[in-house]
Amino acid sequence: MRFGDRFRVLVAAVAFAAFCTPSAKAAERTIYLTFDDGPLPGTENVLQVLFEENVPATMFMVGLHVETQDGGRAVLSEAKSLDAVVVGNHSYSHAHNRYRQFYSNSDGVIADFEKANGVLGLAKPTPARLPGRNVFRLQNIHSEDLSLDVREWGQERLDFELVSEAGFRLFGWDHMNGFTTMTASLFNPRGHW
């Protein structure tokens, strides 16, 4: 089965689970599809399925990937051309996978996001998602990464107000106690706030 076919099956399964439960009414349910770290191999397939099925989604892209992946700029351009797709900022460097160092310098985080905005061609206010492991990093919601030793919890700190004042609207991607941190409904499918 091709990636696009598997993706269609996944979207159908998610929609079925959300809309077809006996106690659920379709009008009361919303699913937000978001994708991080692109453009990477497979991003074009995702975009093709989103286009063909007219499914709205947010693509949080990494500036370095746009510059270094074969066809990265073309994939970014394609994503930005789709009416149902919002392109968001997922940093320039993805913290070079050194999250503790990255988050210990809020000014550095902002500079990294500014560089990504330039590469991605995004204007402020910018929808953004912070890079990193399975850690909730939103101003009002925080949970530690369970893959870290307990002694390491709390060592990655970020000045959320400084990031917000710099024009980056942070969005999470997971659930915590039933509360959805991904609040994509704050912007419409064309990215207007």
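This is a predicted model: local features need pLDDT of at least 70, side-chain atom pairs count only at pLDDT 80 or more; totals for chains, interfaces and linings use all residues.
Local features need pLDDT of at least 70 and side-chain atom pairs count only at pLDDT 80 or more, while totals for chains, interfaces and linings use all residues. Residues are numbered from 1 along each chain as its sequence is written, and side-chain values use heavy atoms, with hydrogens and water left out.

On the overall make-up, the protein comes to 7 helices and 9 strands (DSSP runs numbered from the N terminus, helices being H or I with at least four residues and strands E with at least two). Of its 193 residues, 41% count as buried; here buried is under 20% relative accessible area, exposed is over 50%, and partly exposed is in between, with a 1.4 Å probe and protein chains only. Taking contacts (heavy atoms within 4.5 Å) between residues at least 6 apart in sequence, 66% join residues at least 24 apart.

Now for the charge pairs. Searching the whole structure turns up 3 salt bridges, each a side-chain nitrogen of Lys or Arg within 4 Å of a carboxyl oxygen of Asp or Glu. One of them pairs Asp36 with Arg129, with 2.9 Å between the closest N and O atoms. Asp36 sits in strand β1 (residues 33-38) and Arg129 in the loop between β4 (126-128) and β5 (136-137), so this bridge ties together parts that are 93 residues apart in sequence. Arg129 is buried at 1% relative accessibility, whereas Asp36 is partly exposed at 31%.

Another bridge joins Glu114 and Lys124 at 2.5 Å, N to O. This pair links distant parts of the chain, 10 residues apart: Glu114 belongs to helix α6 (residues 106-120), and Lys124 to the loop between α6 and β4. Both ends come out as partly exposed, Glu114 at 34% relative accessibility and Lys124 at 41%. In the bridge between Arg73 and Glu67, the closest N and O atoms are 3.7 Å apart, and Glu67 is partly exposed at 37%.

Asp107, Asp159, Glu161 and Glu165 make up a negative surface patch. Patch members have over 30% relative accessible area and no salt bridge, with like charges joined within 9 Å and nonpolar side chains (Val, Leu, Ile, Met, Phe, Trp, Tyr) within 5 Å. Lys and Arg count as positive and Asp and Glu as negative, with His and the chain ends not counted; each charge is placed at NZ of Lys, CZ of Arg, CG of Asp or CD of Glu. Asp107 lies in helix α6 and is exposed, at 55% relative accessible area.

Conventions. Accessible areas come from the Shrake-Rupley method with a 1.4 Å probe; for residues, only the protein chains shown count as cover.
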